[in-house]
Amino acid sequence: MKLDIITIFPRMIDAGLAEGVVGRARTAGLLDIGVHNLRDFTTDKHHVVDDVPFGGGPGMVMKPEPFFAAMTWIREHRGAPEAVILLTPAGGRFTQDGARRLAAFRHVVLLCGRYEGIDERVREALATEELSIGDYVLSGGEVPALAVVDAVARLVPGVVGDDQSVEADSFTRGLLDYPHYTRPAEFEGRQVPDVLLSGHHAEIRRWRRETALRRTVERRPDLLAGATLDADEREWLKRSKS
Ligand code: 4HQ
C-alpha cells in the first residue's frame, strides 16, 4: 500500500512511523510511505506556508498554493491516489470500519493542517474526504494522520506478523478485549485467574469470551449493536440483562 503525507512537520511523521510494526513493514517493503514537507512546495525565499485570514480575526490560515503544488508533485511522481484525506475536527469520525475501508485502497494521501486551518479551496478541490479522530482540539493534523496510518497499516496483509492477532483484536469482533496476563502467576498479592493456569483450552476460550462480553456490557454498551455474537454470547447477554 502507498501512502503520502503532506505536513510542515515531517520529522513528527518520520519519528512516528519509524518504530514498531509500521516501521518494520516499511523496511520489508509492505508499506510505501512518502512524507512531504509542505515548505518544499513554496516558491518564495522564506518558504511561507501561512497568511492572515481574509475577513480578519485571530490566527493564521495555511495558504492553498503549496498544497496544490505538493499534490501535483505526488500525482506526477507517485500516481493518482484513490483518496485524499483532510484531517479536521469537522470530518466524519475515523473508526475501525473506516480503517478497513481505507486499507482496501492502493494509494491514499493525508493532508495535515496547522494554525487555524487550511484555506477552504484545498478541501473543495483536493480533498476527497475529511476525517476526525475525535472530539478534542489538537494543534495540528499530524497526530491524527499518524493514528489513521497506524490503524490502516496494521490491516494490510503481512504488516502484523500473526493474522490471528488482528483477528483477535477488540474491534475486529466488535467487542472490547479480554484481560491479558503473563508471568508471574502471583504478583504483589494479585493472582492470575485460575482458569488461565488450568490448561483447559476450551474453558479458557469460554472465560475470555464471557469476560470480553461482560466488559463490553459494562463499559461500552454502545458497541454491542455492531458486534457479532455467537449463540452462547447472545445467551450470556440475555442473562446479564435479567
Ligand atoms: N485538528 N481530528 C488540524 C484536530 C483534528 C481532530 C485541529 C486538525 C487543528 C489545524 N484533526 N487543525 N481532532 O483537532 O482530526
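# Briefing: a ligand pocket and selected residues

The ligand sits in the largest pocket, where a pocket is an open set of points on a 1 Å grid over the protein atoms alone, with protein on both sides within 12 Å along at least five of seven lines, and a molecule sits in a pocket if more than half of its atoms lie within 2 Å of its grid points. This is a predicted model, in which local features need pLDDT of at least 70 and side-chain atom pairs count only at pLDDT 80 or more, while totals for chains, interfaces and linings use all residues. Residues are numbered from 1 along each chain as its sequence is written, and side-chain values use heavy atoms, with hydrogens and water left out.

- The elements that give two or more residues to the shell around the ligand are strand 5 (83-93) and strand 7 (129-132), strands being DSSP runs of E with at least two residues and helices runs of H or I with at least four, numbered from the N terminus.
- Strand 5 gives the most to this shell around the ligand, with three residues.
- There are 16 residues around the ligand, and Thr88, Ile133, Gly134, Tyr136 and Leu138 come nearest; a residue is near a molecule if one of its heavy atoms lies within 4 Å of it.
- A nitrogen atom of the ligand lies 3.0 Å from a backbone N or O atom of Ile133, and for Gly134 the distance from a backbone N or O atom to a nitrogen atom of the ligand is 3.1 Å.
- For Thr88, a backbone N or O atom is 3.4 Å from a nitrogen atom of the ligand.
- The ligand taken alone exposes 360 Å², of which the protein buries 94%, with accessible areas coming from the Shrake-Rupley method with a 1.4 Å probe.

- Glu142 belongs to helix 6 (residues 142-153), and it counts as buried because its relative accessibility is 0%; buried means under 20% relative accessible area, exposed over 50%, and partly exposed in between, with a 1.4 Å probe and protein chains only.
- Leaving aside residues up to four places away in sequence, Glu142 touches Thr7, Ile8, Phe9, Met12, Ile13, Cys112, Gly113 and Arg114, contact meaning heavy atoms within 4.5 Å.
- Phe9 lies in the loop between strand 1 (2-7) and helix 1 (10-16), and with 36% relative accessibility Phe9 counts as partly exposed.
- With residues up to four places away in sequence not counted, Phe9 touches Arg114 and Glu142.
- Although Phe9 and Gly141 are 132 residues apart in sequence, their C-alpha atoms are 10.0 Å apart in space.

**The loop between helix 8 and strand 8**

- Pro179 is located in the loop between helix 8 (170-173) and strand 8 (186-187), and its relative accessible area of 14% makes Pro179 buried.
- Pro179 touches Trp207, Thr211 and Arg215, again not counting residues up to four places away in sequence.
- The C-alpha atoms of Pro179 and Ala212 are separated by 7.8 Å, with the two residues 33 residues apart along the chain.
- Pro184 also has its place in the loop between helix 8 and strand 8, and the peptide bond that leads from Arg183 to Pro184 is cis, with omega near 5°.

**Positive phi values**

- His47, in the loop between strand 2 (32-37) and strand 3 (50-51), has a positive phi near 55° while being a residue other than glycine, and with a relative accessible area of 38% His47 is partly exposed.
- Glu188 is not a glycine either, yet has a positive phi of about 45°; Glu188 is placed in the loop between strand 8 and strand 9 (190-191) and is exposed, with a relative accessible area of 68%.

Technical notes
Polar contact = N/O pair within 3.5 Å; in protein donor to acceptor, adjacent residues only side chain to side chain. 1 Å grid on protein atoms, 1.4 Å probe; cavity = no way out; pocket = protein on both sides within 12 Å on 5 of 7 lines; lining within 4 Å.
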